[in-house]
Amino acid sequence: MSKISPCLWYDGEAEQAAKFYVSLLPDSRIETIQKNVIDCPAGKAGTVLVVYFTLAGQSYIALNGGTKMEYSYAASFSIDCADQAEVDRLWDALLADGGKEEQCGWLRDRFGVPWQIVPSAIRDTIGGPDAAGAARAMQAMLGMVKLDIEGLRRAYEGKAAA
């Protein structure tokens, strides 16, 4: 387990959320499920209190805190995607069953957790060495919901949209 682990707060959905997340990325697994030993505000004795899990090699904690808490975009999870197929797969999976898409590659999954689904190619476009190209790519990204690698590249290169 890492020395520092993000802790995600749920109202009874910690195990469901952790199992969903580990199904999405390689090097992911449930480590330990800890149950309530007494009835408490977090739940009845015998129900799930904490799930320790690894997501893409990073340790996380999912806690059933007993009340619904809202997540903020001030802290979100960014997934670096190798190609458009990975962007599309993760985008669709995280939106399934009630997720909400946002602008510029952001979404909230069905649990309300904010994610950024970002192609690695963004470093070559918005972060590219050509300032004018980077500005065009940034402008293109601002008009996108799910990020489109080809659209970002075409904007960077100054080519009209196909």
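Let me start with a pair of charged side chains: Arg29 and Glu31 meet in a salt bridge, at 2.8 Å from N to O. Bear in mind that this is a predicted model.

How exposed are the two partners? Arg29 is partly exposed, with a relative accessible area of 39%. Glu31 is partly exposed as well, at 42%.

The next pair is in a helix. Lys19 forms a salt bridge with Glu15, and the closest N and O atoms are 3.2 Å apart. Both residues belong to helix α1, which covers residues 14-22. Lys19 and Glu15 are four residues apart there, so about one helical turn separates them. On accessibility, Lys19 has a relative accessible area of 45% and is partly exposed. Glu15 has 24% and is also partly exposed. The cut-off for buried is under 20%, so Glu15 at 24% does not count as buried.

Third pair. Asp130 forms a salt bridge with Arg136, with the closest N and O atoms 4.0 Å apart. The criterion asks for a nitrogen within 4 Å of a carboxyl oxygen, and this pair is listed with 4.0 Å. Asp130 is partly exposed at 34% relative accessibility, and Arg136 is partly exposed at 34%.

As for the total, how many salt bridges does a search of the whole structure find? It finds eight. The bridges I described, among them Lys19 with Glu15 and Asp130 with Arg136, come from that search.

Key:
Residues numbered from 1 in each chain as written. Predicted model: local features only at pLDDT ≥ 70, side-chain atom pairs only at ≥ 80, totals over all residues. Heavy atoms only, no water. Helix = DSSP H or I, 4+ residues; strand = E, 2+ residues; numbered from the N terminus. Buried < 20%, exposed > 50% of the residue type's maximum accessible area, 1.4 Å probe, protein only.
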